[in-house]
Amino acid sequence: MRPDFAAARIADCVRALVPVLGALPLSAITGEVCQRYGKARDRAPGTVRKELGTLQAAINHCHAEGYITSAPRVRLPAKPAPRDRWLTRDEAAKLIRAAYRNPKAKHLARFILVALYTGTRTDAILRLRYMPHVNGGHVDCERGVLYRRAAGETESKKRKPPAPIPPRLLAHLRRWERMGAQHVVEVKGARVASLKTAWRTAMREAGIDHATKHDLRHTAITWAMQNGADRWHAAGYFGLTVDMLESTYGHHHPAHMQSAVEAMGRRAGGAE
């Protein structure tokens, strides 16, 4: 995640937290207070969870640095069920065409192709260059490898494993490089910092109901599972644990519960 983007997200959470909890001493942060905060905010559980999670991270940081002697536990709302929004191939084609047809949004088409072929997160895609650098990953078109992390960047919970580039995407990447691109997604030679306007326009032109840029990652993983990808290989490719892949996307796999289906299809004791 970009430092400026992360700072903006934290600032949003702080602006929500301070009016409700700002006057309380740290010792007053109890489960009951956290519940009252959720009711006062009257926002989706996921939003409240993110805001209270920011508070917990700040408390833990202060405790680790020795600013406070104890770290109260912040009670978070239950984690909401993951969204199961993914694009059909027809929707994806319409979205790409809408981006290509807009003279000001051809960079979005590149972003969509990389996202759909690799399932890489938005910020990591926007940081991709054609040469190794310290601020993000790069693509090695000669060897056909996508390096999602910057040189020397430590691994985080949001894993960014290197991965082989699918042949069709590699052909696009090589063509863009021959055209003189320095960044995989760029406008007039400069890295793209935001896709908000181009994304909204393409969604409207494509006639697609609400979907986020992150849903392209869900789409890539869903398509891989629907095509029968090996779970171990898919987890490694997309930077997930096998358990997370199975719990979130396993139902899309053609072999999901297949043995149970086959067992139920057999005659039980000769019964019809």
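This is a predicted model: local features need pLDDT of at least 70, side-chain atom pairs count only at pLDDT 80 or more; totals for chains, interfaces and linings use all residues.
## Basis of the analysis

Local features need pLDDT of at least 70 and side-chain atom pairs count only at pLDDT 80 or more, whereas totals for chains, interfaces and linings use all residues. Residues are numbered from 1 along each chain as its sequence is written, and side-chain values use heavy atoms, with hydrogens and water left out.

## Cavities

The whole structure contains 3 cavities of 30 Å³ or more (a cavity being a set of points on a 1 Å grid over the protein atoms alone where a 1.4 Å probe fits but cannot get out). The largest cavity holds about 50 Å³, a volume being the space filled by probe spheres set on the points, which are joined across faces, edges and corners.

Its lining (residues with an atom within 4 Å of a point) consists of Gly119, Thr120, Arg121, Ala124, Arg148, Arg159, Lys160, Arg217 and Phe238. By class, this lining has 5 charged, 2 polar and 2 nonpolar residues (Asp, Glu, Lys and Arg count as charged; Ala, Val, Leu, Ile, Met, Phe, Trp, Tyr, Cys and Pro as nonpolar; the others, Gly among them, as polar).

## Salt bridges

In total, 8 salt bridges are found (a side-chain nitrogen of Lys or Arg within 4 Å of a carboxyl oxygen of Asp or Glu). One of them joins Asp12 and Arg15 at 2.4 Å, N to O. These two residues lie 3 apart in helix H1 (residues 3–21), and are therefore separated by about one helical turn (a helix is a DSSP run of H or I, at least four residues, numbered from the N terminus).

Asp12 is partly exposed at 46% relative accessibility, while Arg15 is exposed at 55% (buried means under 20% relative accessible area, exposed over 50%, partly exposed in between, with a 1.4 Å probe and protein chains only). Asp123 and Arg127 form another salt bridge, at 3.2 Å, N to O; Asp123 is buried at 13%, and Arg127 is buried at 14%. In the salt bridge between Asp140 and Arg143, the closest N and O atoms are 3.1 Å apart; Asp140 is buried at 15%, whereas Arg143 is exposed at 61%.

Conventions: On a 1 Å grid over the protein atoms alone, a cavity is a set of points where a 1.4 Å probe fits but cannot get out, and a pocket is an open set with protein on both sides within 12 Å along at least five of seven lines; lining residues have an atom within 4 Å of a point.
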